[in-house]
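Subject: Structure for you to look at

Hello,

Here is the structure I said I would pass on. Please look through it first, then read the notes below.

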Amino acid sequence: MNQYELKQAFTGGRQVYGTLVASPSPKWAAEIRKAGLDFVFIDSEHMPLDPSARAWMCRCYREMNLAPIVRIPRCNAMEAFAAMEAGAAGVIAPYIETAEEVRILAGVLRYRPLKGERLKGVLDGTVTLTEKEREYFRNYNDGCLLLLNIESRHAVDHLDELLTDEVDGVFIGPHDLSINLGIPEEYDHPEFELYVERIIAACRERGIGVGNHNSGSLEKQISWAKKGMNITMWNSDVGRFVQAIGEDFDRVRKALGEESGEARGVVTI
């Protein structure tokens, strides 16, 4: 999907599928296309991606009709600007908790390349754009997707302030959310389920996309989708490689009468 098709799917509540891609290999990009995905997730928060490599990945996946969604390291106007200039179809900022953070991101995605004091004036209402300017910015930023990482109790408790008309979707961070709630990785805990359901309900009410990034239980991912998540982002290229190659070598070890990788203290995903 391109970003326009992805946005229509978000608003229409249709299921879309993606995975985290860490490898910038040209060979890998061609193989990912065979997986039947709608988008790819490029994580600049947890991976030290070179800007040139990130830009190459964005442009490559766009050409393959796989919308590249980039998570920037932090909520920062210049970080969001750089991701969009690199070719991202949309931007996700981590750990969003305030309306001001959403406003900063919306300013970039809706008024790029406007910056500085004039952009601040537009956002706070002290500067009025002409219709010519508004049309320019609409065309220049057409289809840019703004997504929020919701990862804390505070964010969920203030969703009404965060889910403005500028927001296209929400990605729940299940790991960080569980930790923030004081129940680390207890994804079956009633309080965790309650908070996830609150996020889903708020997004569905507003007609925006909602999903999460999960690499643990596929069954859990399916159950959340059945509750209303329409963005399924499962695992990563690195995660699946480690899992598959570990299982293969365990088969070899077993055939040779050796201990499994787990028994030898090898950590597997």
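**The largest pocket**

The lining of the largest pocket is made up of eight nonpolar, twelve polar and five charged residues. In this count Ala, Val, Leu, Ile, Met, Phe, Trp, Tyr, Cys and Pro are nonpolar, Asp, Glu, Lys and Arg are charged, and the others, Gly among them, are polar.

This is a predicted model, in which local features need pLDDT of at least 70 and side-chain atom pairs count only at pLDDT 80 or more, while totals for chains, interfaces and linings use all residues. Residues are numbered from 1 along each chain as its sequence is written, and side-chain values use heavy atoms, with hydrogens and water left out.

The largest pocket is lined by 25 residues, and H46, R71, H175, H213 and S215 lie nearest its centre. A pocket here is an open set of points on a 1 Å grid over the protein atoms alone where a 1.4 Å probe fits, with protein on both sides within 12 Å along at least five of seven lines; lining residues have an atom within 4 Å of a point. The space in the largest pocket is about 470 Å³, a volume being the space filled by probe spheres set on the points, which are joined across faces, edges and corners. At least two lining residues come from each of β2 (39–43), β6 (169–172), α10 (174–180), β7 (209–214) and β8 (231–236). Helices (H or I, at least four residues) and strands (E, at least two) are DSSP runs, numbered from the N terminus.

**Salt bridges**

The whole structure has 21 salt bridges, each a side-chain nitrogen of Lys or Arg within 4 Å of a carboxyl oxygen of Asp or Glu. In one of them, E31 meets K27 at 3.7 Å, N to O. These two are four residues apart in helix α2 (residues 26–32), so about one helical turn separates them. E31 also forms a salt bridge with K34, with the closest N and O atoms 3.1 Å apart.

R206 and D160 meet at 2.6 Å, N to O. R206 is in helix α11 (residues 190–206) and D160 in helix α9 (residues 159–162), so the pair ties together parts 46 residues apart in sequence. Salt bridges that share partners also join D188, E193, E197, K220 and K227 into one network.

**Cysteines**

How many disulfides does a search of the whole structure find? It finds zero, a disulfide being a pair of cysteine sulfur atoms within 2.5 Å. The sulfur of C75 is 16 Å from the closest cysteine sulfur, in C144, which is too far for a bond.

Regards
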